[in-house]
Amino acid sequence: MKIVAAKKILKANDQLANENRAAFSGRQVFCINLVGSPGSGKTTLLEALFAQWGQRCAPAVIEGDIAGQVDAQRMEQIGVPVVQINTDGMCHLDASMIAAAAQNLELTGVTMLWIENVGNLVCTAGYDLGEHLRIVALSVPEGDDKIIKYPAIFQRSDALVLTKIDLLPHLNFRTAKARADMQRLAPEARIFEVSARTGQGLPELATWLVERRAAAAPSRS
Ligand SMILES: Nc1nc2c(ncn2[C@@H]2O[C@H](COP(=O)(O)OP(=O)(O)OP(=O)(O)O)[C@@H](O)[C@H]2O)c(=O)[nH]1
Ligand SMILES: [Mg+2]
C-alpha cells in the first residue's frame, strides 16, 4: 500500500511539473533546477554567473532551504528578484512549491528562472519541478566517489558542474575519474569544471547556458 501511495504522489508531482514547464515555456522563461550537496557552491555559482552576464541576462531565483533566508538575502544584495521557500524539514522541493513560489515572482521580462534546490544529493533526484534543464554541482572537496555513490541525481541531470576547482592542488580529487563515471551514467550530459573564486571555466558554462536558453526560446535569445 505504501508503495502505491508513493507512486501516486510522484505521479501527481509529475503532472504538476509538466504544468509548471508549460507555463514557463508559454512565458518564454527558461527554468533551471540547480541541485547538489549542502555547501557545494550553488549560490556562489549563481552569483558568479550573474556577474559574468551582467545586463545580458534577466534572472530570477527561487531559493529552497529547510530554514532561513540566507541565500535569498544574497540574491537581494545583487539585485536579483528572489522568492525563498522554507521546506520546514523536507529535504527537497516539489512541483507544487514551485507553482506557489512562481506566483510570487514577477516573471515579465525574466529570461532565466533558477531554482536552487535544497542541498541534498538523494531526495532531490526524484522530483521533477518543471525545469527545462537540471544541473548538478559537485564540489571537488566532496570527493570523486560521489557520482558512483549517488547515481540517480547524476543520471538525471543535463550537466555536471565540478565546482571549486581552484582547490584541486590541495586535494586528491581525480577529475578524469569523475568525468568517466559521469559519462557512463549520463552519456549526453555536459561536464564543466568551474571555480567561482577565480572565474576559471565560468565563460564556457555561461555560454552553454545562453545557447540552451536560445534553443528553447529562440525569440528571446
Ligand atoms: N575555494 C572556493 N570556495 C568556494 C567556491 N564556491 C563556493 N565556495 C565556498 O563554499 C562555501 C559554500 O558555498 P555556497 O555557495 O554557499 O554553497 P551552497 O551549495 O549554496 O550551500 P547550501 O545552499 O547551504 O546548500 C562558501 O564558503 C563559499 O565561499 C569556489 O569556487 N572556490
Ligand atoms: Mg545556497
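Predicted model: local features only at pLDDT ≥ 70, side-chain atom pairs only at ≥ 80, totals over all residues.
Local features rest on pLDDT of at least 70 and side-chain atom pairs on pLDDT 80 or more, while totals for chains, interfaces and linings use all residues. Residues are numbered from 1 along each chain as its sequence is written, chains are lettered from A and ligands numbered from 1 in the order in which they are written, and side-chain values use heavy atoms, without hydrogens and water.

**Ligand 1**

Around ligand 1 there are 18 residues, where a residue counts as near if one of its heavy atoms lies within 4 Å. Lys42, Thr43, Thr44, Asp166 and Ala196 come nearest. By class, this shell has 3 nonpolar, 8 polar and 7 charged residues. Here Ala, Val, Leu, Ile, Met, Phe, Trp, Tyr, Cys and Pro count as nonpolar, Asp, Glu, Lys and Arg as charged, and the others, Gly among them, as polar.

The table gives polar contacts, that is, pairs of N or O atoms within 3.5 Å.

| Residue | Part of the residue | Distance to an oxygen atom of ligand 1 |
|---|---|---|
| Gly41 | polar backbone atom | 2.9 Å |
| Lys164 | side-chain N or O atom | 2.9 Å |
| Arg197 | backbone N or O atom | 3.3 Å |

Taken alone, ligand 1 exposes 650 Å², and the protein buries 74% of that area (Shrake-Rupley method, 1.4 Å probe).

Helix 2 (42-53) and helix 3 (70-77) each give two or more residues to the shell; helix 2 gives the most, with 3 residues. Helices are DSSP runs (H or I) of at least four residues, numbered from the N terminus.

**The largest pocket**

A pocket is an open set of points on a 1 Å grid over the protein atoms alone, with protein on both sides within 12 Å along at least five of seven lines; lining residues have an atom within 4 Å of a point.

The largest pocket holds about 380 Å³ of space, the volume being that filled by probe spheres set on the points. Of its 22 lining residues, Gly39, Ser40, Gly41, Lys42 and Thr44 are closest to the centre. The lining has 5 nonpolar, 9 polar and 8 charged residues. Helix 2 supplies the largest share, 4 residues.

Terms used: Polar contact = N/O pair within 3.5 Å; in protein donor to acceptor, adjacent residues only side chain to side chain. 1 Å grid on protein atoms, 1.4 Å probe; cavity = no way out; pocket = protein on both sides within 12 Å on 5 of 7 lines; lining within 4 Å.
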